[in-house]
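I opened my notebook to look up a few things in this structure. Come along and follow the entries with me.

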Amino acid sequence: MTVLENRLDNRTAEGAAAAGTSGEAADPRDPQVRLAALLDEGSIRLITPVDRSGVLAAMGRVEGVPVVVFCSDARVQGGAMGSEGCEHIVHAYDVAVRERVPVLGVWHSGGARLAEGVESLHAVGRVFAAMTRASGVVPQLSVVVGPAAGGAAYGPALTDIVILADDGRIFVTGPDVVRSVTGEQIDMAALGGPEPHSKRSGVVHVVAKSETDAYVQARRLAVLLGHQGRIRPDVEEVDFSGLLPDSPRRAYDVKPLVKGLLDEPGVELHPKWAPNVVTTLGRLGGRTIGVIANNPMRLGGCLDSASAEKAARFVRMCDAFGVPLVVLVDVPGYLPGVGQEHDGVVRRGAKLLHAFAEASVPRVTLVTRKAYGGAYIAMNSRSLGATKVFAWPTTEVAVMGALAAVRILKRREIAAAPEEERSALEARLAAEHEVLAGGLDRAIEIGVVDEVIKPAETRGAIARVLARATPARGAHGNIPL
């Protein structure tokens, strides 16, 4: 357990004791206990009354960064959302937007209150409207610490980042309804727990091992987005020369490169969903940045429909909040296959093209090993408006690999050659094709790659570009792609 987790555990216990009555410890679901665990000690100022509405909201600080927090009260009708409680959430959003501070929601709710009927549905809809108005204006983080069903499932889904504690569950209809309608047998964890939402659905960005850990992650992300800092260009260098394997065909894990690029380990979003692309928030030279990286360890680093969608949402979130982007490229292309085409790789891949072409924030691309075909374009190429494009010395830039290209362009010549000579012929034709296509030299000549840098110069080169770049921020929301 980290020092921060210990501190938050102690603060939770103190909050529970303070909220208790007649010497009894308070219910750990008490919103005041949860607020005490999430916010800096002594910083809490309630902005809604302590009542039976099922929601409590407060202003406070996280590592000194001002935030607004609302919290479900699971002790009252299971945290169900009625008209009064929804008004408290809308008020919290109004305050956050007015003050331009992050808003955090702690969710433990069964959804709309049944007894209020359509009135509660209307109230929940007003919450969704407030969230949508705030989208791209202030960072929105959701911490799901218990069941979040029905309308309480769509609330987190409308926010920028969803953190799920081990006991958190997110679903529109629970196991009993699923069983009665479809006959499928499933429990709450398998339907809406960490495993399905972190690996299959992509609903959850961060899975926490406990409620306390969920607050730790929420605090880290709130500080990264709420206090982005200014970059120092004189960063300490890290030599990445030994990172790439000797063989260009061999896979490797890109995460050590991402970790080495950042001042300290960042927060990876969606680590298990579409893992062929890595998306991480962290700091470089003291300034918050977003890092997107192809991961050759998964699917050879190919882009596919899910990873393109994942990366597109991350680009749009960073752009909406003025977070500069660093894009680490080692991509052989889009993943081929009938399943990909039928799964919408064209439609979903276009989201990434749109996201980068639309982005206003400074964004630096580094091609580490190869960039082929349409995936070269999609990974923040010069044509989509990259601020700067770097490449390491052994980089290949082409429509496809030379060997694959000659097998298409020279297939008749290769087929006509004796079988024992084909391997040597393919190698010779591939070498000739590399000269003809131009590769990295041609990319530099026409200006789509700005500069070749050594692996040991990477952090400084990127930091200097971001330090000189004009700060910018996209004028759009962050729709859940």
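**Entry 1: Arg298.** I looked up what Arg298 touches and, leaving out residues up to four places away in sequence, I found Pro275 and Asn276. I am working with a predicted model here. Arg298 sits in the loop between strand E11 (287-294) and H11. Is Arg298 buried or exposed, or something in between? With a relative accessible area of 45%, Arg298 is partly exposed, because that label covers values between 20% and 50%. I also checked Arg298 against Gly79: they are 219 residues apart in sequence, and their C-alpha atoms are 40 Å apart in space.

**Entry 2: H11 and H13.** Next I turned to two helices. I noted that two packed helices are described by the angle between their axes and the distance between the axes. For helix H11 (residues 305-320) and helix H13 (residues 345-358), I read an angle of about 25° and axes 8 Å apart. Angles under 35 degrees count as roughly parallel, so H11 and H13 are roughly parallel to each other. The crossing of H11 past H13 is left-handed. Among the residues that meet are Ala308, Ala312 and Val315 in H11, and Leu352 and Phe356 in H13. I sorted the residues of this contact into 9 nonpolar, 2 polar and 6 charged.

**Entry 3: the cores.** Which residues does Leu352 touch, not counting those up to four places away in sequence? I listed Leu303, Ala308, Ala311, Ala312, Val315, Ala378 and Met379. Leu352 is also one of the residues with the most contacts inside the largest nonpolar core, which has 68 residues. Helix H9 (residues 211-226) gives the most to this core, with 8 residues. Apart from this core I found another, of 32 residues, including Ala57 and Val138.

Terms used. Residues are numbered from 1 along each chain as its sequence is written. This is a predicted model: local features need pLDDT of at least 70, side-chain atom pairs count only at pLDDT 80 or more; totals for chains, interfaces and linings use all residues. Side-chain values use heavy atoms; hydrogens and water are left out. A nonpolar core is a set of buried Ala, Val, Leu, Ile, Met, Phe, Trp, Tyr and Cys residues joined through side-chain atoms within 4.5 Å. Buried means under 20% relative accessible area, exposed over 50%, partly exposed in between (1.4 Å probe, protein chains only). Helices (H or I, at least four residues) and strands (E, at least two) are DSSP runs, numbered from the N terminus. Contact means heavy atoms within 4.5 Å. Axes are lines fitted to C-alpha atoms, for helices over the stretch in contact, and angles run from 0 to 180 degrees between N-to-C directions. Angles under 35 degrees count as roughly parallel, over 145 as roughly antiparallel, 65 to 115 as roughly perpendicular and the rest as oblique. A crossing is left-handed if the near helix is turned anticlockwise from the far one by less than a right angle, and right-handed if clockwise. Ala, Val, Leu, Ile, Met, Phe, Trp, Tyr, Cys and Pro count as nonpolar, Asp, Glu, Lys and Arg as charged, and the others, Gly among them, as polar.
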